Amino acid sequence: MKNKLKIHLLVNETAGNGHAKKILDQTTLLLVNENIAFDVYKSSFAGEAIKIAQEYGNRNHLSNEVLLVIGGDGSLNEVLNGIKRSSHPSTPLAYLPAGTGNDFGKAANLSGNPEELINHLKNGIEPERIDCGSFHFPHSSNDVYYFANSLGVGFDAYVNHLSNISELKKLLNKINEGKMIYGLHILSALRKQDTFTVDIKCDNKRYHYDDAFLITTTNHPYLGGGIPLLPSASIKSRVLDTVVVERFSLGKLIKLFINLLKDGSHVHDPQFHYFEGKQISIQTTKKEFAQVDGEQIKPDSFKIDFKVSHFYLLR
C-alpha cells in the first residue's frame with residue numbers, strides 16, 4: 001500500500017453549531033486525496049460517543065490505526081470517558097477542536113486545521129501522556145468519571161448554563177464567534193449568582209470558605225472559551241488545581257479581568273485562592289449549578305473526590 005495509515009473518525013456534527021461537520025467534510029476530502037483509508041462514526045445524541053469510544057477501545061488495533069475525534073470539549077469528554085472505561089484505556093486519540101469554546105485545544109496548542117494534523121499523523125508521531133482529571137461522588141456512587149478541562153461549581157457553571165440555553169449562541173457560532181457568548185452572560189450571572197460554603201481537602205490539608213462564588217477544579221489554564229483563569233496550570237504537570245473565588249463587586253470583577261488579561265496578577269488578589277495536588281476533595285452545602293467540560297450537571301450540593309489521571313494524545 002502507498003500509505004498504511006488508517007483513520008477512524010468519530011464526529012459530533014452538531015458541535016460548534018455545525019462547524020464540526022465542515023471540518024469533517026474537509027478532513028474526508030483530504031483523506032481521499034491522500035489515499036488514506038478511513039471510516040466514520042457519528043455521534044447523534046448525548047452520551048453516544050462514550051459508547052462508540054468504549055467499543056473502539058475494547059478492540060485490538062494496529063499501530064497504524066488512529067482514532068480522530070472531531071467536535072467540541074463535550075465531545076472530547078465523552079470520548080475520553082469511553083476510552084478510559086474500555087479494556088484498553090491507554091488507547092491514544094487525536095483531536096480536531098471544532099466546538100464553541102475549544103479550551104482543551106488551546107491548552108494543548110492544537111490546530112483546527114485537518115491538513116496540519118494529518119501531516120503529523122503521516123510522519124508517525126508518538127502518543128504523548130497528557131493529564132486529565134478523574135472524579136467520583138462518594139455519597140452516591142463509586143463510578144469514576146473523567147474530564148480534560150475542568151469541573152466547576154457556581155459562577156462559571158451558571159455562565160455556562162446561560163450560554164448553552166441562549167439562542168444567540170447559534171448565531172455567533174455561525175460567524176465563528178461562539179466563544180463571545182460566555183462574555184455576554186458574565187454580567188447576568190454576576191447579578192444572580194449567590195455565595196455558598198465550601199470545604200476543601202488538598203493532599204491532606206483542609207480549607208474552608210463561607211462566601212465562595214466560584215470553585216473550579218481544572219486541568220489547564222483556560223475557562224469559558226480561552227479565559228486564562230489559572231496561568232500556572234498545565235496538562236503535563238501531573239497535578240490538578242482547584243480555584244476558589246470569593247464574592248466580589250462589579251468593580252472588582254473589572255479589575256480582576258483586566259489583571260487576568262494583562263499579566264495574570266489576578267491570582268494574587270486576596271479573594272482568589274488556588275490549591276495544587278494529586279488528590280483534592282470539595283464539599284458544598286447549597287444547590288448550585290455545575291459543569292464538567294462545558295456540559296451541565298444537575299444543580300445540587302456536592303461532595304466530589306478528584307484525582308489526577310492521564311490519557312494519550314497524538315498531536
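Analyst: Happy to! In this predicted model, the second largest pocket holds about 350 Å³ of space. Its lining is made up of 19 residues, and those closest to the pocket centre are L62, S63, N64, E65 and P92.

Now for the helix packing, starting with helix 2 (residues 48–58) and helix 3 (residues 73–84). Their axes come within 7 Å and cross at roughly 35°, and the crossing is right-handed. Helix 2 brings E48, A49, I50, A53, Q54, Y56 and G57 to this contact, while helix 3 answers with E78, V79, G82 and I83. Sorted by type, the residues of this contact are 6 nonpolar, 3 polar and 2 charged.

The other pair to visit is helix 1 (residues 19–33) with helix 5 (residues 114–122), whose axes come within 10 Å and cross at roughly 45°. Because of that angle, helix 1 counts as oblique to helix 5. Helix 1 passes helix 5 in a right-handed crossing. On the helix 1 side you will find I23, Q26, T27, L30 and L31, which meet P114, E115 and I118 of helix 5. The residues of this contact divide into 5 nonpolar, 2 polar and 1 charged. In the structure view, you could pick out I23 and L30 of helix 1 and I118 of helix 5 as some of the residues that meet here.

Technical notes: Residues numbered from 1 in each chain as written. Predicted model: local features only at pLDDT ≥ 70, side-chain atom pairs only at ≥ 80, totals over all residues. Heavy atoms only, no water. 1 Å grid on protein atoms, 1.4 Å probe; cavity = no way out; pocket = protein on both sides within 12 Å on 5 of 7 lines; lining within 4 Å. Points joined across faces, edges and corners; volume = space filled by probe spheres on them. Axes fitted to C-alpha atoms, helices over the stretch in contact; angles between N-to-C directions. Helix = DSSP H or I, 4+ residues; strand = E, 2+ residues; numbered from the N terminus. Parallel < 35°, antiparallel > 145°, perpendicular 65-115°, else oblique. Left-handed = near helix turned anticlockwise from the far one by under 90°. Contact = heavy atoms within 4.5 Å. Nonpolar A, V, L, I, M, F, W, Y, C, P; charged D, E, K, R; others polar.
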